[in-house]
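Hi,

Here is the structure we talked about, with my notes below it. Have a look when you get a minute.

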Amino acid sequence: MSISFHENSKEFHLYNDEISYIIKILRNGQPGHVYYGRRLHDREDFGYLVEYARRDMAPYPYEGESKFTLEHLRQEYPTYGSGDTRYPAFELERADGSRVADFKYKSHNIFKGKKTLEGLPATYVETDDEADTLELVLEDEILQTQIILSYTIYEELPVLTKNVRFVCENTEGVTLLNCMSGCLDLPDRNYEMTELAGSWIRERHVHTRKLNYGIQSVYSMRGCSSHQFNPFIMLRRENTDEFSGEALGFSLVYSGDFLAQVEVDTYDVTRVVLGIHPNEFRWELKDGESFQTPEMVMVYSDKGSNGMSQVFHKLYRTRLARGKWRDKERPVLINNWEATYFDFDEEKILNIAGRAKELGIELFVLDDGWFGKRNTDNCSLGDWYPNLEKLPGGIKGLAQKIENMGMKFGLWFEPEMTNKDSDLFRAHPDWLLADIRRNYCHSRNQYVLDFSKQEVVDYIYAQMRKILKEAPVSYIKWDMNRAFSEVFSNGNDKVYQGKVRHKYILGVYSLYERLIQEFPDILFESCASGGARFDPGMLYYAPQAWTSDNTDAVDRIKIQYGTSFAYPLSSMGSHVSASPNHQARRSTSLDMRANVAYFGTFGYELDITKLPEEELKVMKRQIEFMKKHRALIQKGTFYRLQSPFESNSSAWMVVSEDGVEALMAYFRITQPANGKFERIYLKGLEPSAEYHVCEQFGAEMDYGDFCGDELMYAGVSVSDSSAGLAGVAWNQQGDNFSRLFYINKN
Ligand code: DGJ
């Protein structure tokens, strides 16, 4: 891995064994983009890759030199006011209203390692040998402002990260109107764009469209990364599949409003930008102040989209997630939400916990409803003291009892919200993130607290800290159950309003950071009405996230499959819940529910005190199974084998880090009558090694020994052996059927 600077050609070449990224300082001083893709050998001058061409009507900065026009030159951080009439990567406004800018290369700095971003989540290195960083310093002398473009290339991964810092040295100040975290101009438009789109209980479904002229984008203006879109896109060639061909992944390490936009101009140049959504963003910088953008992560894969995902998994699992729980096996938990909702008391909770302990569950999580007078969702958010009618010994008493049973105790909070019926709201109505002089929207009977204000963050911190100091809490589920609607910071001026949305998320990050530093043993799980904040920003603080409020096994296949495009299994909270399922009203077998939930951080979320003995016996075995295999699942390499978005059946597998064992799950939604023959081709095995294959649960079949090449190239049969005749074979299961194969090297 290296970053070379060629003085004569003014080119920077960032490369490792897999990728190259090349920048050239153009003759007007702006950094131009030359190349991003598979590794190229280094050479003094790649200037021939920059295409200077005259195009009629295109503006050009040098009189008589119409071939030098920014209208179609590929650039690193394009600006308004240079002749480029495409969407710029940033916009600055001077005190007199001028938005024209001309940032030129001033200096650069190349160093080993990677800097942290103050107040923001970001990928990191453990030793400086793991990555090299280039900082390009650009300056606009008239604006007296600098832009520092930062690029880090990882040694062992085809990963390049970008971020931008603006530094104002202008006595009049400047105002940032837009500041993307990075830009990539690609030389053609022959890509398909994949995005993860959905809604509550239908998060991160995979959608793909062919790039076309103009803008295509995904975004959030909801204050959280959202159920609707995810701060991730993939561009892939038309012939790219899961395992071969080019796939370019783009991800933003941010949890607030974002924009991921692809613009194709009519010369077929494709411009990708990711960053904070410019809607309502207006950041005034005074002399001496600076602004730091979030980080954009780019993954290059020539091993298909699954290859891209595996890189994201490794990076996000090992160099974004932090703390004690990053590498530790996650506890099998039980959460009382779908078991009791708000209707519980200590006795009920202890009954569930007692039964859970007998089954081998390690962590009991008390969800919503334990504080203030919260028996419905219309009160008490913000009043983080225990409801002594429900829990006479408070959280301390309950947590202690659960610890005494030999289990750990976890607790739900929703720190960023309040209800009108709460002590907090009665004392501080102006703490709402809403224009309180007007009507403002309701959502789940709750309102967003203004986390841009330090005093609000401090108040919530003090309440949470008190509980965490006095009770043995080992896990926190941090929820966020409504989107922003009318954002206004009461008592603050106009200049402040342009900063509120970003300051809010900085406030959330700062509270997380304080708690993590003070309580490093606590495992955090982020959540936002299920998966509305399943983003890389959150993973920096909470190594796992509640994937969706939809716990139905069939729906979860799509949700978890889509989530796996950017996020590792170790981050996906997945629970076995009741059948019929509470969201989808669908019935599925206990096997099927567990076979989906194993592929994540496993737990249960149903009233186990009401289940028949035989189901409890199965659960006990499931828990033993998960404990035995969780290291493989959490740290192994994940392969998507068959897409649930494309057919009635789907499959995925995970291979352990050392390649010694693997688990493959197959799911079939509707029972075909007299169905076709079907095979799943495994991945990631050694062709010449011998493996033993057996089927878990349901079938309990031992299939014997096979070589890796047989399993990968000839495949594993998952055909329905009875061709639709009822009662003939074990695998004649009807709809919503699953199979789980354990494969281990002899
Ligand atoms: C939404 C979460 O996603 C659920 O799991 C649960 O915690 C509820 N909120 C509680 O209000």
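Starting at the ligand: one of its nitrogen atoms sits 3.3 Å from an N or O atom in the side chain of Asn 481. That falls under polar contacts, meaning pairs of N or O atoms within 3.5 Å. A ligand oxygen is 2.7 Å from an N or O atom in the Lys 477 side chain, and for Asp 549 the distance from a side-chain N or O atom to a ligand oxygen is 2.4 Å. In total 13 residues surround the ligand, counted when a heavy atom lies within 4 Å of it. The closest are Asp 367, Asp 368, Lys 477, Asp 479 and Asp 549.

Before you go further: this is a predicted model, with local features needing pLDDT of at least 70 and side-chain atom pairs pLDDT 80 or more, while totals for chains, interfaces and linings use all residues. Numbering runs from 1 along each chain as its sequence is written, and side-chain values use heavy atoms, leaving out hydrogens and water.

In general, most residues other than glycine have a negative phi, and most peptide bonds are trans. Tyr 341 is not a glycine, yet has a positive phi of about 50°; you'll find Tyr 341 in the loop between helix H2 (337-340) and helix H3 (346-359). Helices here are DSSP runs of H or I with at least four residues, strands are E runs of at least two, and both are numbered from the N terminus. The peptide bond from Ser 579 to Pro 580 is cis, with omega near -5°. Pro 580 is in the loop between strand S29 (572-577) and helix H11 (590-597).

Cheers

Key: Polar contact = N/O pair within 3.5 Å; in protein donor to acceptor, adjacent residues only side chain to side chain.
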